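Student: Could you walk me through this fold the way you would read it yourself? I would like the general idea of each feature before the particular case.

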Amino acid sequence: MALDLSLLWDDSIDPAVEPRRILITRGEFIDTAREDRKVPWKIYYPTDDAGEPLPVVIWSHGLGGSRDGAGFISRFVSSHGYIVVHVQHRGTDSSLWEGQPGHPWDAIRRATIARETVLNRYRDIPFALDQLMVWAKDNPDIGARMDFSRIGMSGHSFGGGTTQIMAGQKLDEGDGLYDMREPRFTAGIVYSPVPSSIRTLASPVDGNDRAAIYRDIAIPLLMMSGTADESPIEGFGYETRMEVFELSGGPDQNMLMLNGGDHMVYNGSRGQLGDNPLREPHETIIKVASLAWWDAYLKGDRAAHDWVIGGGLARWMDDLGTLTHRP
């Protein structure tokens, strides 16, 4: 199904075109305070930007993933003037299945993940930000272009849950709720939101008390899911994911729902899922909506902002998706 490009907020944008050449560099940070924990990273950055400062977007992968996932999103966003940094989380990454017999998803389902392993995943983000600022000074050809006053947080599935935690969603320490919010983030995108008590360690309380988990989310979020977005590990569907949006107390919360959209469309791979005939238009929507969101909140583009929340995005998606906005 063709999407009408004349309905975009900027007529220079073509989802099939990356306007700037993208380069990639890889490395790893080592946290000596956490037993020399390695935090691999992968940076997408554009050429031909005359050296001007660019916003920085952090990406966190899903369970069993790596820094190499979701390249179709990051390449497109970066080509429009962003530096995108993928962070890999040891213990919840591809090490869960590498070298194991059978399909990776089967190995992931068999895995037991300790609480400390999950907490270390969350700690990776502020650590990576700290180290990235040091790295930027030592690598000025890229680092001098990183504008650390404009940082976005994003991720898919477990990485989406990581984004929620960085945005202010609460965790349960056993004697009450606490947070690991990272205040340096301006806005976030959550691909496949993760409800509390599902891999996020938040308190599995019932009823209105659940709102306490989400009410301190402090930054604007664009959440994306789909009507076929069933968790390949826990088995819950998009209806359960809606809790994050419905109970979030943050300003400017948005839910983009892809009709027929499944869990793996955000990662650019299929796993054990079969083909989805809507994959191509869904990927187009994901790329363009992501760019519009970052343009609105990291570049202050009013036209992009109004397009996302004022009905333009919904009209452009037509019957492929819906956008629900809550101020």
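Student: Are tyrosine 191 and tyrosine 266 buried or exposed?

Tutor: Burial is a matter of relative accessible area: buried is under 20%, exposed over 50% and partly exposed in between, using a 1.4 Å probe and protein chains only. By that scale both tyrosine 191 and tyrosine 266 are buried. Bear in mind that this is a predicted model, in which local features need pLDDT of at least 70, side-chain atom pairs count only at pLDDT 80 or more, and totals for chains, interfaces and linings use all residues. Residues are numbered from 1 along each chain as its sequence is written, and side-chain values use heavy atoms, leaving out hydrogens and water.

Student: How many aromatic pairs does a search of the whole structure find?

Tutor: A pair of aromatic rings is described by the distance of the centres and the angle of the planes. Here, rings of Phe, Tyr and Trp (its six-membered ring) pair if their centres lie within 6.5 Å; planes under 30 degrees apart are stacked, over 60 edge-to-face, and the rest tilted. The whole structure has seven such pairs. One of them joins tyrosine 191 and tyrosine 266, tilted at 50° between the planes and 5.6 Å centre to centre. Tyrosine 191 belongs to strand E8 and tyrosine 266 to the loop between E10 and H8, so their pairing ties together parts 75 residues apart in sequence. Helices (H or I, at least four residues) and strands (E, at least two) are DSSP runs, numbered from the N terminus.

Student: What about the rings of tryptophan 307 and tryptophan 316?

Tutor: With centres 5.8 Å apart and planes at 50°, that pair is tilted. Both tryptophan 307 and tryptophan 316 are buried, and together with Trp9 they make up one aromatic cluster.

Student: In what order do the strands of the open sheet run?

Tutor: Strands of a sheet pair through backbone hydrogen bonds, either parallel or antiparallel. Two strands count as paired if DSSP finds at least two bridges between them. In this model nine strands form an open sheet with mixed pairing, ordered E1-E2-E4-E3-E5-E8-E9-E10-E11. Strand E1 (22-31) and strand E11 (321-326) are at the edges with a single partner strand each, so one side of each has no neighbour in the sheet. From one strand to the next, the twist averages 20°.

Student: Which way do E9 and E10 run, parallel or antiparallel?

Tutor: They run parallel, joined by seven bridges; in one of these, methionine 223 has methionine 255 of E10 as its partner. Eight of the 10 residues of E10 are buried, so the rest of the structure largely encloses this strand. E5 (residues 146-156) and E8 (residues 187-191) are also parallel, with five bridges, and glycine 152 is partnered by alanine 187 in E8.

Student: Which strands does helix H8 lie across?

Tutor: Angles run from 0 to 180 degrees between N-to-C directions, with axes as lines fitted to C-alpha atoms, for helices over the stretch in contact (heavy atoms within 4.5 Å). Helix H8 (residues 279-298) lies across E3, E5, E8, E9 and E10, at about 165° to E8. For helix H1 (residues 71-79), eight of the nine residues are buried, so H1 is largely enclosed by the rest of the structure. Its buried residues pack against E1, E2, E3, E4, E8 and H8.

Student: Which residues have the most contacts inside the largest nonpolar core?

Tutor: A nonpolar core is a set of buried Ala, Val, Leu, Ile, Met, Phe, Trp, Tyr and Cys residues joined through side-chain atoms within 4.5 Å. The largest one has 48 residues, and Ile43, Ile58, Val85, Tyr122, Leu132, Met146 and Phe185 have the most contacts inside it. Helix H3 (residues 115-138) provides the largest share, 10 residues. Another core, of 43 residues, lies apart from this one and includes Trp9, Val84, Tyr266 and Ala304.
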